[in-house]
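Biologist: Could we go through this structure together? I should like to begin with a ligand site.

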Amino acid sequence: MADSVLNLTGPVAKENRVGLSALDYKGGKSTLCAGCGHDAISNQIIRAFYEMSVKPESVAKFSGIGCSSKTPAYFMSRAHGFNAVHGRMPAVATGATLANRKLVSIGVSGDGDSASIGLGQLLHMIRRNISMVYIVENNGVYGLTKGQFSATADEGSQLKNGVINDLPPMDLCALAITCGAGFVARGFAGDPKQMVTMLKAAIAYDGLAFIDVISPCVTFNNHEGSTKSYPYAKEHDEILHQVGFVPSFEPIEIDYEPGEVRDVSLHDGSRVLLKKLEEDYDPGDANQAMTRLHRAVSAGQMLTGIVYLDPAKKSFTSQLGIVDEPLGTLSQDVIRPPKEALDQIMAELM
Amino acid sequence: MTNLSDSTVAEERDSAAGERTNDLTIHVATVNGSGSQSSNNVLMRAIFQMGIPVSGKNLFPSNIAGLPTWFTIRASSEGWTGRRRNVDVLVCMNPATGADDVKALNPGAICIFDDALGLEGSRDDVTFYPIPFSKIAGEVTSDSRLRKLIANMVYVGVVAWMIGIDREELVSAVERQFSGKAKAVELNVEAIDKGIAYAADNLEPQVAHRLQRMDKTRGQILIDGNSAAALGAMFGGVTVATWYPITPSSSLCEALIEYLKAYRLADDGKATFAVVQAEDEISAIGMVIGAAWAGARSMTATSGPGISLMTEFAGLGYFAEIPAVVWDIQRIGPSTGLPTRTSQGDLLQVAHLSHGDTEHIVLFPGSVAECFEFAMKALDFAELFQTPVFVLSDLDLGMNSWMSEPFEYPTEPINRGKVLTAEKLKELGGKWGRYLDVDGDGIPWRTLPGTDHPDAAYFTRGSGHNEEARYTEKPEDYVNLMERLRKKFETARGHVPRPVIEREEGARVGLIAFGSSDVAVQEARHVLRRDHDLATSYLRLRALPFTKDLEAFVADHDRIYVIEQNRDGQLRSLIRLELKGDPDLRSILHFDGLPLYARFVVESVVAMEGEKRNG
Ligand SMILES: Cc1ncc(C[n+]2csc(CCOP(=O)(O)OP(=O)(O)O)c2C)c(N)n1
Ligand code: SF4
């Protein structure tokens, strides 16, 4: 068993802009295996929300079913959480964001939950551009049901019992781009610095921010035959670009030299600064992102960083033209038309 | 080709012999996609406006164009609006079904048909009127694409002249049907006038089949159950609605969208609602549950196949105690079945939808007025009892046109159930338990996400949880939870709509039915009394859980006939589970996909009673 709040030292002890300390963002005790990649991600979620000064009471946490889907219980206990049914978290989160557009929503899912049983819901949620952070804790296996292959398992990878996966893996980032996601990133559970900056950018993004995180399952998928184990990931992790997130309350001018840095304004006025390692890489270009993802796959590499970003995409709730106050708490005089309305309708039916 | 009537049954009469005025059934046989719906609506509407009680049923195929379709209009001076099988006036426009349609006619009926069909002489107890519809339509329009449509309006004129429907009512019905489209009104009125003129020149007006103004529809409305349900949902304050298209439920959501757009925009033009067409029914109910969890009054509508897909979420809603309203507009059959035919076959499935020990509150509207009323009630109950509430309607009630008293504006305020706000939490010093039965009624208090209090949050899960909403696998915690859910259901028993009971002096026979069977059962009781001297009492169930009234009613009668529209006697099974002892419960089951009709009930009761009391 691992404690959910790990290594929160240094600056995290002080109060953030809403007067809370990092401890106010902690969750229940984790029941995952010690060393599970998922716990490391929970810690970065805690840190990101704390550093962004998002009040936990304004957050809604969602998940499906799986080890990964248990984790919303291990961060931000002061936020409402909803552990839905297997693969169906997108629908529940969609409904909740419609009912209360002021909620800051975060969903955590697994590759079984998102890429198999829930693939349809995931893609439709991406297509609708529901405003939330959506994290897939991707380990290539079904952890909770004890180690079967998932649809993101690499071709040729081997289970502990010797079974070899003959099918090609799905690339969830590529799928997300294809379905119209405006924020697509990939991280690695063992790289907290990159993870936390991507998370902060995702929280600030108004729309669906999709993050596929390679999150090794230490129990069922961390052996020589696996391509999603720590040793493999460490060796092959290619940092595509460095991400420096700058919230609007702390404006910092960063020069964007063509070929080096890309400065993108987000909806709430905050911005993401992206440093490109390659001169020709443009995170605003979906075609380029797809090419790079495919090229990385052929080279046996994992591309990390914000692969694609479109800050101008309209979120579902803003497209629907609904009132600003949460639908869920509108008063009766707003949601029940007057008697004259019924009288009029009845007269028309006579 | 299937036939919707049956020539072997004897003539049915609604009123005493000889009195045929304002008592007839018109059957229009056309081809799907030929645009006959407007014509049939105009006919029905004109009869309604003449003050004559009327109902219209669309018997349509699961097809866009080309297959046979029928529209039946029943005019009944006594106000019987259920299906009647035997046909007095046939309008035959479909070569594929003409011969069979003629076979189904009452002796003495008339058959108005497209002369190309050559039906004359096929029966000698029926009068045939061949009409050159295309030729007449050709005089109205030279556009060959429009000719079929216009021909349909020509038959309206012919029928109207023959049986006595007033032209002015036809014109006002056309204006209503094509409101705001002056050209269409003009063209259609011209077609009707051509029909009237042709009939006046070539045919004789009917004596036996005749309509005449009366005053029995004043102040009444005509509406279908799905529109009524949509209206109820709107006045019930629905804020999130989701759907995935499926016949016969789609029109509920489509009507809801129209009403919401017309009556539920805020002053700044923004919507006080969200309607989402989901990618499937799993998503549709998932969104409803997510929205309700976050405080919205939310609903979805579907039919059998969709209900099957919603199964897992229904259990989550029950177990984690999340409101949801699900309308099931039933169609018939396992699997895809007959998508455009009616049934009451989802009752057992819905009552216990999902695995494990699951039971649901289910409402059974029996009229369009109850569709309206129960739509509001369902939204209240879902929040009051924090559980999915199902409303079981069907294709006949949902998609066909029914007369009704105007709906009444709700007198009770919207009930949002037990919700702890930040202020209340402050008063409680933050001490509360999500699944704690503090009031002894089995209903706990909940908080909504976003509530600004550090102790407001809890974790919602479909896995084992204790009174503080923490994960648990302890046997006693599970038993406690299940016992409390049972207690909550018992509380609901005292709130759901009680059955409507009509007792008749000295009746030893009791009838039990639910939903859209009501009209046929009412008429059957009348006929049993009139023609068979058999007094019956009647209990119409309106909800699950059953109330105490059921037990008393059954105990008060020697024999009970449970009348329902499915093969397996599903309601009877549920009643058996509920009642102690072994009462004499007999099944009357109608399940061919067409609406139940009075004669079927009468004949079934009479046969099982073993004698015809009055010859
Ligand atoms: C409808 C349904 N089918 C199967 C299961 C069993 N099940 C639970 S978790 C899981 C897979 C989880 O895998 P993943 O999403 O990758 O999460 P991980 O445990 O690896 O983090 C399965 C198949 C279930 N809960 N519900
Ligand atoms: S089984 Fe794997 S995924 Fe599940 S908790 Fe253990 S390490 Fe993590």
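Predicted model: local features only at pLDDT ≥ 70, side-chain atom pairs only at ≥ 80, totals over all residues.

Biologist: How much of the accessible area of ligand 1 does the protein cover?

Modeller: On its own, ligand 1 has 600 Å² of accessible area, and the protein covers 77% of that. The elements giving two or more residues to the shell are α2 (67-70), α4 (111-117) and β5 (141-142) of chain A.

Biologist: Which element gives the most to that shell?

Modeller: That is α4(A), with four residues.

Biologist: And which residues come nearest to ligand 1?

Modeller: There are 18 residues around ligand 1, and the nearest are C67(A), S68(A), G112(A), D113(A) and G143(A). By class, the shell has six nonpolar, nine polar and three charged residues.

Biologist: Why is the site of ligand 1 described as shared between chains?

Modeller: Because the residues surrounding ligand 1 come from both chain A and chain B.

Biologist: Let us turn to ligand 2. Which residues are around it?

Modeller: They include L32(A), C33(A), C36(A), N139(A) and F220(A). H38(A) and C67(A) are also among them, and both make polar contacts with ligand 1 as well. The shell of ligand 2 has seven nonpolar, three polar and no charged residues.

Biologist: Now for chain B. Is helix α9 buried or exposed?

Modeller: 13 of the 13 residues of α9(B) are buried, so the helix is largely enclosed by the rest of the structure. Its residues, 281-293, should span 18 Å at 1.5 Å a residue, and the end C-alpha atoms are 18 Å apart, which agrees.

Biologist: Lastly, where is S298(B) found?

Modeller: S298(B) belongs to strand β10 (residues 298-302) of chain B. This serine is buried, its relative accessible area being 4%. Beyond its neighbours within four places in sequence, its contacts include V238(B), A291(B), A292(B) and L379(B).

Definitions and conventions
Residues numbered from 1 in each chain as written. Chains lettered and ligands numbered in written order. Heavy atoms only, no water. Near = heavy atom within 4 Å. Polar contact = N/O pair within 3.5 Å; in protein donor to acceptor, adjacent residues only side chain to side chain. Areas by Shrake-Rupley, 256 points an atom, 1.4 Å probe, with all protein chains shown as cover. Nonpolar A, V, L, I, M, F, W, Y, C, P; charged D, E, K, R; others polar. Buried < 20%, exposed > 50% of the residue type's maximum accessible area, 1.4 Å probe, protein only. Contact = heavy atoms within 4.5 Å. Expected span 1.5 Å × (residues − 1).
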